[in-house]
Amino acid sequence: MKLQQFSDAEKRQLIKGGLDHILVHWASNEDLAKDPKVFIAGEGCYIYDINGKRYLDSFSSLVTSICGHDRPEIKDAIVEQMEYLEFFPNYHDTFNVPLIKLAEKLAKITPGDLEVCFFVCSGSEANETAIKMARQYLWQIGQKQRYKVIARRKSYHGTTIVASWHTGFPKLWEYMEPGIPGRLFAPDVNCFECALGAEFSMCNLACLKELVGCL
Ligand SMILES: Cc1ncc(COP(=O)(O)O)c(C=O)c1O
């Protein structure tokens with residue numbers, strides 16, 4: 001791991017640059033300005049800010065660094081691939097070698113007959129795509145009246161329009177009303193804080209019945 005050194009003036013300039021030019025996810029820039037952090041390095045499950053302060057990266061950089069930071073074998077693989085081809089999309093009639101190898105591996109380790117991948121860049125896109133695929137399939141087989149999507153309350157599905165419209169927190173979609181037709185919410189499954197006020201083992205799976213009632 002390399003820790004870059006910054007002078008106080010450089011630190012102030014970096015923070016100003018971030019506040020002036022970046023809109024942050026999940027907060028207003030006013031909130032962000034209270035205690036902005038600039039991260040500069042990571043090692044294993046720790047990350048380091050511009051002052052060298054160490055933090056436990058307890059959410060794996062929002063689940064994007066689940067193998068930990070600064071893993072030599074990951075860096076080596078990235079550098080090796082960069083020597084051949086840094087990027088080329090797969091669309092129309094094109095693949096690239098790492099993409100094929102990853103798809104083959106995923107086909108092996110995913111259960112049952114899950115053998116085909118459609119690659120996207122984020123969870124939001126994955127959820128958007130899943131809904132698009134389902135709707136296109138039903139449309140193509142002549143069943144376009146089947147367009148409903150059941151989401152769970154207190155679920156999170158992403159930041160894009162369709163993904164956030166199907167997220168179980170009204171704050172994340174109420175400003176987008178009237179939204180996309182066909183959305184239904186089923187209760188969240190959380191026996192510890194049951195949305196229906198039932199006691200597990202006495203509840204007779206009431207949440208499942210409510211889910212079935214949505215259909
Ligand atoms: C269950 C779930 N679905 C979708 C997403 C959205 O993924 P992304 O942030 O990669 O768009 C997340 C992100 O935290 C998630 O936890």
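Which residue in E3 is the bridge partner of Ile 47? It is Tyr 55, and I will come back to that pair once the sheet is laid out.

Some housekeeping. This is a predicted model, where local features need pLDDT of at least 70, side-chain atom pairs count only at pLDDT 80 or more, and totals for chains, interfaces and linings use all residues. Residues are numbered from 1 along each chain as its sequence is written.

Start with the domains, whose bounds come from an automatic or database domain assignment. Domain 1 covers 8-63, domain 2 covers 72-109 and domain 3 covers 123-213. Between the C-alpha centres of domain 1 and domain 2 there are 30 Å.

Now the sheet. When I say strand or helix, I mean a DSSP run, numbered from the N terminus: helices are H or I with at least four residues, strands are E with at least two. Two strands pair if DSSP finds at least two bridges between them. The sheet is open, has three strands in the order E1-E2-E3, and its pairing is antiparallel. Strand E1 (39-43) and strand E3 (54-56) are the edges, each pairing on one side only. From one strand to the next the twist averages 30°; the axes behind such angles are lines fitted to C-alpha atoms, for helices over the stretch in contact, and angles run from 0 to 180 degrees between N-to-C directions.

Take the two pairings in turn. E1 and E2 run antiparallel and are joined by four bridges. Phe 39 stands opposite Asp 49 of E2. The hairpin of E1 and E2 has two residues between the strands, and Gly 44 there has a positive phi near 60°. Four residues lie between E2 and E3 in their hairpin, and Gly 52 in the turn has a positive phi of about 85°.

Asp 49 also turns up in a distance. Gln 4, in the segment before helix H1 (8-21), is 45 residues from Asp 49 along the chain, and their C-alpha atoms are separated by 10.0 Å. Is Gln 4 buried or exposed? The rule is a count of other C-beta atoms, placed from the backbone, within 10 Å of the residue's own: 20 or more is buried, 12 or fewer is exposed, and in between is partly exposed. Gln 4 has 10 C-beta neighbours inside 10 Å, so it counts as exposed.

Most residues other than glycine have a negative phi, and most peptide bonds are trans. Trp 26 is not glycine, yet its phi is positive, near 70°. Trp 26 sits in the loop between H1 and helix H2 (29-34), and it counts as exposed because it has 8 C-beta neighbours inside 10 Å. Val 63 is another residue other than glycine with a positive phi, near 60°. Val 63 belongs to helix H3 (residues 60-63) and, with 8 C-beta neighbours inside 10 Å, is exposed. As for peptide bonds, the one joining Glu 177 and Pro 178 is cis, with omega about 15°. Pro 178 is in the loop between helix H7 (161-165) and strand E5 (183-186).

Two helices can be checked for length, the expected span being 1.5 Å times one less than the number of residues. Helix H4 (residues 72-84) has 13 residues and should span 18 Å; the end C-alpha atoms are 19 Å apart, which agrees. None of the 13 residues of H4 is buried. Helix H6 (residues 123-140), with 18 residues, reaches 25 Å from first C-alpha to last, close to the expected 26 Å. Just after H6, Gly 142 has a positive phi of about 80°.

Last, the ligand. A residue is near it if the C-beta atom, placed from the backbone, lies within 6 Å. The residues around the ligand are Ser 122, Gly 123, Ser 124, Asn 127, Tyr 156, His 157, Gly 158 and Thr 159. Ala, Val, Leu, Ile, Met, Phe, Trp, Tyr, Cys and Pro count as nonpolar, Asp, Glu, Lys and Arg as charged, and the others, Gly among them, as polar. On that scheme the shell has one nonpolar residue, seven polar and no charged.
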